[in-house]
Amino acid sequence: LRPAPRSRREPEDLVRDVLGMARSRLTRAEIPSRFAVLDVLPKVEAGLPDRDALAVQASAGALPAVTVTA
(Lines give C-alpha, C1' and ligand atoms only; values in the text may rest on other atoms or scores of the structure.)
Protein backbone atom coordinates (compact mmCIF):
# COMPACT_ATOMS: atom_id res chain seq x y z
CA LEU A 1 0.00 0.00 0.00
CA ARG A 2 1.53 3.28 -1.07
CA PRO A 3 0.21 6.74 -0.33
CA ALA A 4 -0.51 8.97 -3.29
CA PRO A 5 2.37 11.32 -4.20
CA ARG A 6 2.47 14.30 -1.86
CA SER A 7 -0.04 12.58 0.39
CA ARG A 8 -0.66 14.32 3.68
CA ARG A 9 -1.73 11.14 5.44
CA GLU A 10 -0.28 10.40 8.82
CA PRO A 11 1.76 7.20 9.29
CA GLU A 12 -0.80 5.93 11.79
CA ASP A 13 -3.55 6.23 9.16
CA LEU A 14 -1.51 4.23 6.65
CA VAL A 15 -0.78 1.56 9.26
CA ARG A 16 -4.48 1.35 10.11
CA ASP A 17 -5.30 0.73 6.43
CA VAL A 18 -2.57 -1.90 6.02
CA LEU A 19 -3.59 -3.58 9.26
CA GLY A 20 -7.21 -3.76 8.09
CA MET A 21 -6.15 -5.42 4.85
CA ALA A 22 -3.84 -7.80 6.73
CA ARG A 23 -6.59 -8.82 9.15
CA SER A 24 -8.90 -9.67 6.27
CA ARG A 25 -6.31 -11.86 4.51
CA LEU A 26 -3.92 -13.29 7.12
CA THR A 27 -4.10 -15.33 10.29
CA ARG A 28 -3.43 -13.50 13.54
CA ALA A 29 0.01 -15.12 13.82
CA GLU A 30 1.00 -13.78 10.37
CA ILE A 31 0.14 -10.13 11.10
CA PRO A 32 3.18 -8.02 12.03
CA SER A 33 3.13 -6.29 15.39
CA ARG A 34 5.18 -3.33 14.12
CA PHE A 35 5.14 -1.40 10.89
CA ALA A 36 7.60 1.16 9.54
CA VAL A 37 6.35 3.85 7.17
CA LEU A 38 9.14 5.04 4.89
CA ASP A 39 9.23 7.82 2.31
CA VAL A 40 11.65 5.82 0.17
CA LEU A 41 12.44 2.12 0.27
CA PRO A 42 16.19 1.44 -0.05
CA LYS A 43 16.91 -0.73 -3.06
CA VAL A 44 19.82 -2.77 -4.37
CA GLU A 45 21.20 -2.26 -7.85
CA ALA A 46 18.71 -4.75 -9.34
CA GLY A 47 15.81 -2.65 -8.02
CA LEU A 48 14.78 -5.05 -5.26
CA PRO A 49 14.34 -3.90 -1.65
CA ASP A 50 17.67 -3.76 0.21
CA ARG A 51 16.86 -6.02 3.14
CA ASP A 52 20.33 -5.65 4.63
CA ALA A 53 20.02 -1.85 4.75
CA LEU A 54 16.58 -2.16 6.34
CA ALA A 55 17.92 -4.60 8.94
CA VAL A 56 20.77 -2.23 9.81
CA GLN A 57 18.36 0.69 10.15
CA ALA A 58 15.98 -1.36 12.27
CA SER A 59 18.70 -2.61 14.62
CA ALA A 60 19.98 0.97 15.01
CA GLY A 61 16.49 2.16 15.88
CA ALA A 62 16.45 4.42 12.82
CA LEU A 63 13.13 3.19 11.38
CA PRO A 64 10.02 5.14 12.41
CA ALA A 65 8.08 2.11 13.65
CA VAL A 66 4.44 2.21 14.64
CA THR A 67 3.56 -0.50 17.15
CA VAL A 68 0.19 -2.16 16.70
CA THR A 69 -1.91 -3.58 19.48
CA ALA A 70 -4.30 -6.40 18.63
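**Confidence**

I looked up the pLDDT first (the predictor's confidence in each residue, from 0 to 100): the chain has a mean of 82, and 84% of its residues reach 70 or more. This is a predicted model, in which local features need pLDDT of at least 70 and side-chain atom pairs count only at pLDDT 80 or more, while totals for chains, interfaces and linings use all residues. I number residues from 1 along each chain as its sequence is written, and side-chain values use heavy atoms, with hydrogens and water left out.

I then went through the elements (DSSP runs numbered from the N terminus, helices being H or I with at least four residues and strands E with at least two). Helix α2, residues 51-59, has the highest mean pLDDT, 89. Strand β2, residues 65-67, has the lowest, 71.

**Core**

Which residues make up the largest nonpolar core? I noted 6 residues: Val 15, Leu 19, Ala 22, Ile 31, Phe 35 and Val 66. Helix α1, residues 11-25, gives the most to this core, with 3 residues. A nonpolar core here is a set of buried Ala, Val, Leu, Ile, Met, Phe, Trp, Tyr and Cys residues joined through side-chain atoms within 4.5 Å. Buried means under 20% relative accessible area, exposed over 50% and partly exposed in between, with a 1.4 Å probe and protein chains only.

**Salt bridge**

I counted 1 salt bridge (a side-chain nitrogen of Lys or Arg within 4 Å of a carboxyl oxygen of Asp or Glu). Asp 13 forms it with Arg 16, and the closest N and O atoms are 3.1 Å apart. The two residues are 3 apart in helix α1, so about one helical turn separates them. Asp 13 is partly exposed at 24% relative accessible area, and Arg 16 is exposed at 54%.

**Asp 50 and helix α2**

I found Asp 50 in the loop between β1 (34-36) and α2. Asp 50 is buried yet has no salt bridge. The nearest side chain of opposite charge (Lys and Arg count as positive, Asp and Glu as negative, His and the chain ends not counted) is Arg 51, 8.4 Å away.

Ser 59 is in helix α2 and is exposed, at 65% relative accessible area. A polar atom of the Ser 59 side chain lies 3.0 Å from the backbone oxygen of Val 56. Just after α2, I noted that Gly 61 takes a positive phi of about 75°.

Definitions and conventions
Polar contact = N/O pair within 3.5 Å; in protein donor to acceptor, adjacent residues only side chain to side chain.
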